[in-house]
Amino acid sequence: MMKAKIAPIFCFLSLFALSLAEANPQLAGKWKIDRDLSTAFDPWRSIELEIEVDGSRVTIEELHTTGRRRSAQVYELDLGKASNVVPVSLWTGNRHIGAYIGGAGTMRVDADLVDEGRTLALECHYVLDTSQGSTPVRSHKEFRPSADGDQLIVMELRSSRPRPVLYVFNREN
């Protein structure tokens, strides 16, 4: 008798826990940077994001362009893993300062859902090579869609920078 009462509660809690591991479906789609609302992102002229959400798996493709130069970075993340290792061929953050991806050419990304699943938070750890040597960097990024799903706010706090970086993207139709 007791087992019959506990089984539905256990099923509900299991489904609730699984739903917490799934990313906000409003994140999915194609996004284009709004230059006027965003922090300067020199030397790039444009940044586009394409985000795919499949349960606990999230793929973020960043495309940075300027003139004929194009640079893509893909983050394949499993929210069920404690850490994800992401290959990085070119560090796209403020390249004009002479900082390049170092170490093993990888980034460790701890991905989590916060704010009751509305926000995807990434804790990124990587090494930058500069003329002064190698520097370990920690970057905290949050991806939060607006209530209507038409804008995506990406905020980044970087250990190597005194101020946060704010990017505002508009959904492409």
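Mentor: Start with surface. Accessible areas come from the Shrake-Rupley method with a 1.4 Å probe. On that basis the protein exposes about 10300 Å². Carbon and sulfur atoms supply 54% of that area. Keep in mind that this is a predicted model.

Trainee: How do you know what confidence the predictor has in the protein?
Mentor: pLDDT is the predictor's confidence in each residue, from 0 to 100. The protein averages a pLDDT of 86. A score of at least 70 is reached by 86% of the residues.

Trainee: Where does pLDDT stay under 50?
Mentor: Over residues 7-20. For that stretch the model has one contact beyond four places in sequence. Where pLDDT is low, the predicted coordinates should not be read in detail.

Trainee: What makes up the protein, in helices and strands?
Mentor: One helix and 11 strands. Along the sequence the pattern reads α-β-β-β-β-β-β-β-β-β-β-β.

Trainee: How much of the protein is buried?
Mentor: Buried residues make up 38% of the 173 residues.

Trainee: Why is L27 called buried?
Mentor: Buried means under 20% relative accessible area. L27 has 1%, so L27 counts as buried. L27 is found in the loop between helix 1 (2-20) and strand 1. Beyond four places in sequence, L27 is in contact with I51, V53, L120, F143, P145 and L152.

Trainee: How far apart are L27 and R144, in sequence and in space?
Mentor: They are 117 residues apart in sequence. In space they are 7.5 Å apart, C-alpha to C-alpha.

Trainee: Why does S46 count as buried?
Mentor: S46 has 11% relative accessibility, so S46 is buried. S46 lies in strand 2 (residues 46-54). Not counting residues up to four places away, S46 touches K32, I33, R35, F41, L63, H64 and T65.

Trainee: Which sense does the pairing of strand 1 and strand 11 take?
Mentor: The antiparallel sense, over three bridges. Strand 11 covers residues 165-171. There, R171 is the bridge partner of W31.

Trainee: What pairs with strand 7?
Mentor: Strand 5 (residues 84-87) pairs with strand 7 in the antiparallel sense, over four bridges. P87 has T106 as its bridge partner in strand 7. Strand 8 is joined to strand 7 by seven bridges, and these two strands also run antiparallel. In strand 8, T119 is the bridge partner of V114.

Trainee: What do strand 7 and strand 8 form?
Mentor: A hairpin, with four residues between the strands. D115 in the turn has a positive phi of about 55 degrees.

Trainee: Which residues make the covered face of strand 7?
Mentor: M107, V109, A111 and L113. The uncovered face holds T106, R108, D110, D112 and V114.

Trainee: Which residues touch the most other members of the largest nonpolar core?
Mentor: I60 and F143, in a core of 35 residues. Strand 8 (residues 119-130) gives the most to this core, with five residues. Among the contacts of I60 beyond four places in sequence are L49, I51, L120, L122 and F143.

Trainee: How many aromatic pairs are there?
Mentor: By the rule used, one.

Trainee: Why is the pair of Y167 and F169 called tilted?
Mentor: Ring centres must lie within 6.5 Å. For Y167 and F169 they are 6.4 Å apart, so the rings pair. Planes under 30 degrees apart count as stacked, and over 60 as edge-to-face. The planes here are 55 degrees apart, so the pair is tilted.

Trainee: Are Y167 and F169 buried or exposed?
Mentor: Y167 has a relative accessible area of 15%, so Y167 is buried. F169 is at 2%, so F169 counts as buried too.

Note on methods:
Residues are numbered from 1 along each chain as its sequence is written. This is a predicted model: local features need pLDDT of at least 70, side-chain atom pairs count only at pLDDT 80 or more; totals for chains, interfaces and linings use all residues. Side-chain values use heavy atoms; hydrogens and water are left out. Buried means under 20% relative accessible area, exposed over 50%, partly exposed in between (1.4 Å probe, protein chains only). Contact means heavy atoms within 4.5 Å. Rings of Phe, Tyr and Trp (its six-membered ring) pair if their centres lie within 6.5 Å; planes under 30 degrees apart count as stacked, over 60 as edge-to-face and the rest as tilted. A nonpolar core is a set of buried Ala, Val, Leu, Ile, Met, Phe, Trp, Tyr and Cys residues joined through side-chain atoms within 4.5 Å. Two strands pair if DSSP finds at least two bridges between them.
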